[in-house]
Amino acid sequence: GRGCCKIIAACAPGDEPVYARLGFENKGVQMRYRPHTPAARVPLSAFAPQLAGVALELRRLSVADFGRGALGLLAQLTTVGEVSEAAFVAFVERASADDTMAAFALVDGACDGALVGVGTLLLVPVALRPGEGRLRAHIEDIVIDERARGRGLGALLIRALTDAASAAGAETVVLECSPKNVGFYAKLGYVSASSSMARYFERAAAVVASADLCSVSASEEIPDGLCAL
């Protein structure tokens, strides 16, 4: 019931100050991957990843993961805030019934089924482009438990979500990362595409209100490339 909480914009290097004056924050680098076109699309709900490692399982996030520390794991990546169990259950149920969004959990059977990673995959229509059913995939909130890092699980999780996006028919997969992680994603086939800017509606209003938007000159008009996902 909160509606849209942020807008992601891809912009050319050097154009970041224009977006900043409109309340956007620099989120680092947008990385892109162009998968092969599948012979037939596989809905996210039907995607069954095959992992190299008999003790590992990648499955959809479940209601029970609230008690297994899913939010604590996510808090290693970002600020989570106060999330009730009811809100968590509502999110999981909505994601489970929606073939445009999937929240995945990586489980380590060698550690009594411990939750060691989470990641989210979103599918969105390609706007303002010809062709019916064209999709872009967006990977978000990828995190591996700090106690399980150094085992290649992050690469495994990214590959699995990329495969899910490819199977669903996405023509492009995008994600945001810090400049220091560009090399990691490059090894997985991703290329640096642009700067990534984000506007968070909870805190952007104050930034915009304090800016003298009328002073933006003609040379500072919003550049092409705004991409709301």
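Modeller: What follows starts with the strands and then turns to side chains.

This is a predicted model, in which local features need pLDDT of at least 70 and side-chain atom pairs count only at pLDDT 80 or more, while totals for chains, interfaces and linings use all residues. Residues are numbered from 1 along each chain as its sequence is written, and side-chain values use heavy atoms, with hydrogens and water left out.

Eight strands form an open sheet with mixed pairing, in the order E1-E8-E2-E7-E6-E5-E4-E3. Strands (E, at least two residues) and helices (H or I, at least four residues) are DSSP runs, numbered from the N terminus; two strands pair if DSSP finds at least two bridges between them. The edge strands, E1 (6-11) and E3 (56-60), each pair on one side only. On average, neighbouring strands are turned by 30 degrees against each other, direction ignored. Axes here are lines fitted to C-alpha atoms, for helices over the stretch in contact, and angles run from 0 to 180 degrees between N-to-C directions.

Take strand E2 (residues 25-33). Seven bridges join E2 to strand E8 (residues 191-200), and five join E2 to strand E7 (residues 170-177). Both pairings are antiparallel. Met-31 has a bridge partner in each neighbour: Ser-192 in E8 and Leu-175 in E7.

Leaving out residues up to four places away in sequence, Leu-175 touches Val-29, Gln-30, Met-31, Ile-139, Ile-158, Tyr-185 and Tyr-190, where contact means heavy atoms within 4.5 Å. Leu-175 is also among the residues with the most contacts inside the largest nonpolar core, which has 36 residues; Tyr-190 is another of them. A nonpolar core is a set of buried Ala, Val, Leu, Ile, Met, Phe, Trp, Tyr and Cys residues joined through side-chain atoms within 4.5 Å. Buried means under 20% relative accessible area, exposed over 50%, and partly exposed in between (1.4 Å probe, protein chains only). E2, E3, E4, E5, E6, H4 and E7 each supply at least two residues of the core, and the largest share, 10 residues, comes from H4.

Helix H4 (residues 153-167) packs on the sheet and touches E2, E3, E4, E5 (114-125), E6 (135-144) and E7, with its direction at about 160 degrees to that of E6.

Tyr-190 also belongs to an aromatic cluster with Tyr-33, Phe-184 and Tyr-185. Rings of Phe, Tyr and Trp (its six-membered ring) pair if their centres lie within 6.5 Å; planes under 30 degrees apart count as stacked, over 60 as edge-to-face and the rest as tilted. The ring centres of Tyr-33 and Tyr-190 are 5.3 Å apart and the planes stand at 35 degrees, so this pair is tilted. Tyr-33 lies in E2 and Tyr-190 in the loop between helix H5 (182-186) and E8, so the pair ties together parts 157 residues apart in sequence. Tyr-33 is partly exposed at 22% relative accessible area, whereas Tyr-190 is buried at 2%. The rings of Phe-184 and Tyr-185 have centres 4.9 Å apart and planes at 80 degrees, so that pair is edge-to-face. Phe-184 is partly exposed at 36%, and Tyr-185 is buried at 11%.
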